[in-house]
Number of protein chains: 2
Amino acid sequence: MRYFEDYRPGDVHEFTNTITVDEQRMIEFATEFDPQPFHVDKDADSPFGGLIASGWHTAAMMMRLFADHYLSDVASLASPGVDQVRWLVPVRAGDTLRLRATVLDARRSASKPDRGIVRTGVELLNQRDEVVMTLDATNFLLLRDPDQRP
Amino acid sequence: MRYFEDYRPGDVHEFTNTITVDEQRMIEFATEFDPQPFHVDKDADSPFGGLIASGWHTAAMMMRLFADHYLSDVASLASPGVDQVRWLVPVRAGDTLRLRATVLDARRSASKPDRGIVRTGVELLNQRDEVVMTLDATNFLLLRDPDQRP
(Lines give C-alpha, C1' and ligand atoms only; values in the text may rest on other atoms or scores of the structure.)
Protein backbone atom coordinates (compact mmCIF):
# COMPACT_ATOMS: atom_id res chain seq x y z
CA MET A 1 0.00 0.00 0.00
CA ARG A 2 1.41 3.36 -1.00
CA TYR A 3 0.48 6.82 0.20
CA PHE A 4 1.37 10.37 -0.81
CA GLU A 5 4.47 10.30 1.41
CA ASP A 6 5.90 7.41 -0.63
CA TYR A 7 6.16 9.47 -3.83
CA ARG A 8 9.40 11.47 -3.74
CA PRO A 9 10.39 13.83 -6.57
CA GLY A 10 13.16 12.29 -8.65
CA ASP A 11 12.33 8.70 -7.76
CA VAL A 12 12.14 6.43 -10.79
CA HIS A 13 9.87 3.38 -10.60
CA GLU A 14 10.56 0.88 -13.34
CA PHE A 15 8.36 -2.20 -13.41
CA THR A 16 9.08 -5.58 -14.96
CA ASN A 17 5.36 -6.43 -15.19
CA THR A 18 4.16 -6.41 -18.77
CA ILE A 19 1.06 -6.45 -20.96
CA THR A 20 1.23 -8.17 -24.34
CA VAL A 21 -0.91 -6.69 -27.09
CA ASP A 22 -3.43 -9.19 -28.41
CA GLU A 23 -4.36 -8.68 -32.07
CA GLN A 24 -8.03 -9.58 -31.73
CA ARG A 25 -8.44 -7.35 -28.66
CA MET A 26 -6.62 -4.53 -30.49
CA ILE A 27 -9.06 -4.73 -33.39
CA GLU A 28 -12.07 -5.01 -31.06
CA PHE A 29 -11.01 -1.93 -29.10
CA ALA A 30 -10.53 0.11 -32.26
CA THR A 31 -13.77 -1.16 -33.77
CA GLU A 32 -15.60 0.13 -30.71
CA PHE A 33 -13.74 3.40 -30.16
CA ASP A 34 -11.41 4.39 -33.01
CA PRO A 35 -12.44 2.71 -36.27
CA GLN A 36 -9.83 4.27 -38.55
CA PRO A 37 -8.63 1.86 -41.27
CA PHE A 38 -5.07 1.51 -39.92
CA HIS A 39 -6.54 0.39 -36.56
CA VAL A 40 -9.22 -2.06 -37.75
CA ASP A 41 -8.54 -3.30 -41.28
CA LYS A 42 -5.61 -5.71 -41.75
CA ASP A 43 -5.87 -5.27 -45.51
CA ALA A 44 -5.94 -1.47 -45.46
CA ASP A 45 -3.15 0.47 -47.15
CA SER A 46 -1.72 1.60 -43.81
CA PRO A 47 0.82 4.45 -43.59
CA PHE A 48 2.37 2.39 -40.78
CA GLY A 49 2.93 -0.79 -42.80
CA GLY A 50 0.23 -2.78 -41.08
CA LEU A 51 -2.24 -2.61 -38.26
CA ILE A 52 -1.39 -0.46 -35.22
CA ALA A 53 -3.16 -0.03 -31.91
CA SER A 54 -5.36 2.99 -31.30
CA GLY A 55 -3.45 5.47 -29.17
CA TRP A 56 -6.33 5.30 -26.71
CA HIS A 57 -5.94 1.54 -26.42
CA THR A 58 -2.24 2.07 -25.74
CA ALA A 59 -3.18 4.66 -23.11
CA ALA A 60 -5.66 2.24 -21.54
CA MET A 61 -3.00 -0.52 -21.35
CA MET A 62 -0.63 2.01 -19.79
CA MET A 63 -3.34 2.80 -17.21
CA ARG A 64 -3.65 -0.88 -16.27
CA LEU A 65 0.07 -1.03 -15.49
CA PHE A 66 -0.08 2.36 -13.73
CA ALA A 67 -3.08 1.37 -11.57
CA ASP A 68 -1.75 -2.07 -10.69
CA HIS A 69 1.85 -1.20 -9.94
CA TYR A 70 2.35 2.53 -9.39
CA LEU A 71 -0.86 3.55 -7.62
CA SER A 72 -2.62 1.70 -4.84
CA ASP A 73 -6.29 1.01 -4.30
CA VAL A 74 -6.68 2.85 -1.08
CA ALA A 75 -4.58 5.94 -1.51
CA SER A 76 -5.70 7.02 -4.98
CA LEU A 77 -8.45 9.60 -5.27
CA ALA A 78 -8.52 9.72 -9.07
CA SER A 79 -6.98 12.17 -11.46
CA PRO A 80 -7.94 15.65 -12.66
CA GLY A 81 -6.13 15.13 -15.97
CA VAL A 82 -2.98 14.34 -17.90
CA ASP A 83 -0.72 16.45 -20.11
CA GLN A 84 1.51 16.06 -23.13
CA VAL A 85 0.33 12.65 -24.27
CA ARG A 86 2.68 11.59 -27.07
CA TRP A 87 2.40 8.51 -29.26
CA LEU A 88 6.00 8.09 -30.39
CA VAL A 89 6.31 4.60 -31.85
CA PRO A 90 3.53 2.46 -33.38
CA VAL A 91 2.24 -0.31 -31.10
CA ARG A 92 1.51 -3.58 -32.89
CA ALA A 93 0.02 -6.96 -32.03
CA GLY A 94 2.49 -9.08 -30.09
CA ASP A 95 4.28 -6.10 -28.56
CA THR A 96 5.01 -6.42 -24.86
CA LEU A 97 4.62 -3.19 -22.91
CA ARG A 98 6.00 -2.11 -19.54
CA LEU A 99 5.99 1.04 -17.44
CA ARG A 100 8.57 3.50 -16.17
CA ALA A 101 7.29 6.25 -13.88
CA THR A 102 9.33 9.21 -12.63
CA VAL A 103 7.97 11.34 -9.80
CA LEU A 104 8.19 14.91 -11.09
CA ASP A 105 6.55 16.77 -8.24
CA ALA A 106 4.72 16.00 -4.99
CA ARG A 107 2.98 18.67 -2.94
CA ARG A 108 0.28 18.76 -0.32
CA SER A 109 -3.09 20.19 -1.24
CA ALA A 110 -3.60 23.74 0.02
CA SER A 111 -7.36 23.28 0.39
CA LYS A 112 -7.64 19.63 1.49
CA PRO A 113 -5.14 18.63 4.18
CA ASP A 114 -5.82 14.88 3.85
CA ARG A 115 -4.25 14.64 0.41
CA GLY A 116 -1.40 15.59 -1.88
CA ILE A 117 -0.92 16.10 -5.58
CA VAL A 118 1.66 13.98 -7.39
CA ARG A 119 2.84 14.65 -10.93
CA THR A 120 4.46 11.73 -12.71
CA GLY A 121 6.40 11.44 -15.95
CA VAL A 122 5.08 8.23 -17.49
CA GLU A 123 6.91 6.23 -20.15
CA LEU A 124 5.56 3.10 -21.79
CA LEU A 125 8.26 0.89 -23.33
CA ASN A 126 8.11 -2.07 -25.69
CA GLN A 127 10.17 -5.28 -25.82
CA ARG A 128 12.91 -3.43 -27.74
CA ASP A 129 13.10 -0.81 -24.96
CA GLU A 130 11.66 1.79 -27.32
CA VAL A 131 9.54 4.41 -25.56
CA VAL A 132 6.22 4.08 -27.40
CA MET A 133 4.18 6.60 -25.39
CA THR A 134 4.83 9.33 -22.84
CA LEU A 135 2.56 11.51 -20.76
CA ASP A 136 2.57 13.57 -17.58
CA ALA A 137 0.01 12.27 -15.10
CA THR A 138 -1.48 14.17 -12.15
CA ASN A 139 -2.99 12.21 -9.26
CA PHE A 140 -4.55 13.03 -5.91
CA LEU A 141 -3.27 10.68 -3.23
CA LEU A 142 -4.23 10.37 0.42
CA LEU A 143 -1.62 11.03 3.09
CA ARG A 144 -0.63 8.23 5.44
CA ASP A 145 -0.28 10.77 8.22
CA PRO A 146 -2.24 13.98 7.57
CA ASP A 147 -1.20 15.45 10.92
CA GLN A 148 2.42 15.62 9.87
CA ARG A 149 3.54 19.22 9.29
CA PRO A 150 3.63 20.03 5.56
CA MET B 1 -15.14 13.46 -46.85
CA ARG B 2 -13.08 16.20 -45.24
CA TYR B 3 -9.53 17.30 -45.96
CA PHE B 4 -7.06 19.66 -44.34
CA GLU B 5 -8.50 22.61 -46.26
CA ASP B 6 -11.88 22.10 -44.57
CA TYR B 7 -10.54 22.86 -41.09
CA ARG B 8 -10.49 26.62 -40.59
CA PRO B 9 -9.25 28.20 -37.35
CA GLY B 10 -12.15 29.50 -35.30
CA ASP B 11 -14.70 27.13 -36.80
CA VAL B 12 -16.83 25.38 -34.18
CA HIS B 13 -18.24 21.96 -35.06
CA GLU B 14 -20.96 20.89 -32.67
CA PHE B 15 -22.48 17.47 -33.27
CA THR B 16 -25.85 16.16 -32.19
CA ASN B 17 -24.71 12.52 -32.44
CA THR B 18 -24.40 10.95 -29.01
CA ILE B 19 -23.03 7.95 -27.13
CA THR B 20 -24.89 6.72 -24.06
CA VAL B 21 -22.78 5.20 -21.30
CA ASP B 22 -23.73 1.60 -20.62
CA GLU B 23 -23.16 0.49 -17.03
CA GLN B 24 -22.01 -3.03 -17.84
CA ARG B 25 -19.62 -1.81 -20.53
CA MET B 26 -18.30 0.86 -18.15
CA ILE B 27 -17.49 -1.77 -15.53
CA GLU B 28 -15.98 -4.13 -18.15
CA PHE B 29 -13.71 -1.38 -19.51
CA ALA B 30 -12.50 -0.45 -16.03
CA THR B 31 -12.05 -4.09 -15.03
CA GLU B 32 -9.75 -4.53 -18.01
CA PHE B 33 -7.86 -1.24 -17.87
CA ASP B 34 -8.45 0.80 -14.72
CA PRO B 35 -9.65 -1.41 -11.86
CA GLN B 36 -9.85 1.24 -9.16
CA PRO B 37 -12.77 0.64 -6.72
CA PHE B 38 -14.76 3.72 -7.79
CA HIS B 39 -14.68 2.42 -11.41
CA VAL B 40 -15.50 -1.26 -10.86
CA ASP B 41 -17.22 -1.82 -7.51
CA LYS B 42 -20.82 -0.60 -7.17
CA ASP B 43 -20.65 -1.15 -3.42
CA ALA B 44 -17.35 0.67 -2.90
CA ASP B 45 -17.28 3.75 -0.68
CA SER B 46 -16.77 6.04 -3.66
CA PRO B 47 -15.61 9.65 -3.19
CA PHE B 48 -17.91 10.39 -6.14
CA GLY B 49 -21.10 8.98 -4.59
CA GLY B 50 -21.25 5.94 -6.84
CA LEU B 51 -19.59 4.36 -9.81
CA ILE B 52 -17.93 6.63 -12.40
CA ALA B 53 -16.36 5.84 -15.76
CA SER B 54 -12.60 5.55 -16.08
CA GLY B 55 -11.27 8.74 -17.61
CA TRP B 56 -9.72 6.59 -20.32
CA HIS B 57 -13.11 5.09 -21.14
CA THR B 58 -14.49 8.62 -21.40
CA ALA B 59 -11.57 9.52 -23.67
CA ALA B 60 -12.23 6.43 -25.81
CA MET B 61 -15.91 7.36 -26.20
CA MET B 62 -14.83 10.89 -27.14
CA MET B 63 -12.54 9.36 -29.78
CA ARG B 64 -15.43 7.42 -31.30
CA LEU B 65 -17.42 10.63 -31.78
CA PHE B 66 -14.28 12.45 -32.98
CA ALA B 67 -13.39 9.75 -35.54
CA ASP B 68 -16.95 9.31 -36.81
CA HIS B 69 -17.97 12.94 -37.10
CA TYR B 70 -14.99 15.29 -37.01
CA LEU B 71 -12.34 13.32 -38.87
CA SER B 72 -12.76 11.33 -42.04
CA ASP B 73 -11.44 7.91 -43.03
CA VAL B 74 -9.36 8.98 -45.94
CA ALA B 75 -7.87 12.28 -44.86
CA SER B 76 -6.66 11.34 -41.38
CA LEU B 77 -3.05 10.19 -40.94
CA ALA B 78 -3.27 9.62 -37.18
CA SER B 79 -2.17 11.79 -34.32
CA PRO B 80 1.18 12.51 -32.68
CA GLY B 81 -0.49 13.31 -29.37
CA VAL B 82 -2.95 15.30 -27.29
CA ASP B 83 -2.49 17.94 -24.60
CA GLN B 84 -4.24 19.16 -21.49
CA VAL B 85 -6.64 16.28 -21.00
CA ARG B 86 -8.99 17.34 -18.19
CA TRP B 87 -11.69 15.24 -16.55
CA LEU B 88 -13.98 17.92 -15.17
CA VAL B 89 -17.26 16.24 -14.25
CA PRO B 90 -17.79 12.56 -13.31
CA VAL B 91 -19.29 10.44 -16.10
CA ARG B 92 -21.88 7.92 -14.92
CA ALA B 93 -23.91 5.09 -16.41
CA GLY B 94 -26.82 6.45 -18.44
CA ASP B 95 -25.05 9.70 -19.32
CA THR B 96 -25.39 10.74 -22.95
CA LEU B 97 -22.25 12.31 -24.40
CA ARG B 98 -21.74 14.54 -27.42
CA LEU B 99 -18.85 16.43 -29.02
CA ARG B 100 -17.97 20.05 -29.65
CA ALA B 101 -14.75 20.67 -31.60
CA THR B 102 -13.16 24.08 -32.19
CA VAL B 103 -10.40 24.41 -34.76
CA LEU B 104 -7.57 26.18 -32.93
CA ASP B 105 -4.90 26.13 -35.58
CA ALA B 106 -4.33 24.69 -39.06
CA ARG B 107 -0.97 24.87 -40.82
CA ARG B 108 0.73 22.99 -43.62
CA SER B 109 3.59 20.68 -42.79
CA ALA B 110 7.00 22.20 -43.54
CA SER B 111 8.57 18.82 -44.30
CA LYS B 112 5.69 16.92 -45.97
CA PRO B 113 3.78 18.99 -48.55
CA ASP B 114 0.91 16.49 -48.85
CA ARG B 115 -0.39 17.18 -45.37
CA GLY B 116 -1.28 19.73 -42.73
CA ILE B 117 -1.41 19.83 -38.95
CA VAL B 118 -4.70 20.70 -37.28
CA ARG B 119 -5.04 21.51 -33.58
CA THR B 120 -8.52 21.17 -32.15
CA GLY B 121 -10.06 22.17 -28.83
CA VAL B 122 -12.26 19.22 -27.92
CA GLU B 123 -15.13 19.37 -25.46
CA LEU B 124 -17.26 16.41 -24.43
CA LEU B 125 -20.66 17.38 -23.03
CA ASN B 126 -23.32 15.42 -21.17
CA GLN B 127 -27.12 15.57 -21.37
CA ARG B 128 -27.14 18.53 -18.95
CA ASP B 129 -24.75 20.43 -21.26
CA GLU B 130 -22.00 20.11 -18.67
CA VAL B 131 -18.51 19.88 -20.18
CA VAL B 132 -17.26 16.59 -18.71
CA MET B 133 -13.88 16.42 -20.48
CA THR B 134 -11.66 18.72 -22.53
CA LEU B 135 -8.45 18.18 -24.43
CA ASP B 136 -6.42 19.70 -27.23
CA ALA B 137 -5.98 17.26 -30.12
CA THR B 138 -3.35 17.39 -32.84
CA ASN B 139 -3.98 15.57 -36.13
CA PHE B 140 -2.19 15.16 -39.42
CA LEU B 141 -4.62 15.49 -42.33
CA LEU B 142 -4.07 15.08 -46.06
CA LEU B 143 -4.60 18.04 -48.35
CA ARG B 144 -7.28 17.84 -51.00
CA ASP B 145 -5.06 19.86 -53.32
CA PRO B 146 -1.34 19.67 -52.36
CA ASP B 147 -0.36 21.78 -55.35
CA GLN B 148 -2.14 24.83 -53.97
CA ARG B 149 0.34 27.45 -52.74
CA PRO B 150 0.65 27.36 -48.95
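**Entry 1: strands in chain B**

I began with S4(B) and S5(B), strand S5 being residues 115-125 of chain B, and found that they pair in the antiparallel sense over ten bridges. I used the rule that two strands pair if DSSP finds at least two bridges between them. Helices (H or I, at least four residues) and strands (E, at least two) are DSSP runs, numbered from the N terminus. I also noted that this is a predicted model, where local features need pLDDT of at least 70, side-chain atom pairs count only at pLDDT 80 or more, and totals for chains, interfaces and linings use all residues. Residues are numbered from 1 along each chain as its sequence is written, while chains are lettered from A and ligands numbered from 1 in the order in which they are written.

I looked up one pair: B:Thr102 stands opposite B:Gly121 in S5(B). S4(B) and S5(B) form a hairpin, with six residues between them.

Which other strands pair with S4(B), residues 96-108? I found strand S1 (residues 12-14) of chain B, antiparallel to S4(B) over three bridges. There, B:His13 faces B:Ala101 of S4(B). Strand S2 (residues 19-20) of chain B also runs antiparallel to S4(B), joined by two bridges. B:Ile19 has B:Leu97 as its bridge partner in S4(B).

**Entry 2: where the chains touch**

Next I looked up contacts, which need C-beta atoms, placed from the backbone, to lie within 7 Å. I found 28 residues of chain A in contact with 28 residues of chain B. H3(A) gives the most to chain A's side, with eight residues. By class, that side has 17 nonpolar, six polar and five charged residues. Ala, Val, Leu, Ile, Met, Phe, Trp, Tyr, Cys and Pro count as nonpolar, Asp, Glu, Lys and Arg as charged, and the others, Gly among them, as polar.

S3(A) and strand S3 (residues 81-87) of chain B run antiparallel, joined by four bridges. A:Val85 stands opposite B:Val82 there.

**Entry 3: two helices**

How do the axes of H3(A) and H3(B) cross? They come within 10 Å and cross at roughly 175°. Axes are lines fitted to C-alpha atoms, for helices over the stretch in contact, and angles run from 0 to 180 degrees between N-to-C directions. H3(A) and H3(B) are therefore roughly antiparallel (an angle over 145 degrees). A:Trp56 and A:Met63 are among the contact residues of H3(A), and B:Trp56 and B:Met63 among those of H3(B). I noted the classes in this contact: eight nonpolar, no polar and no charged.

Definitions and conventions:
Contact = placed C-beta atoms within 7 Å. Parallel < 35°, antiparallel > 145°, perpendicular 65-115°, else oblique.
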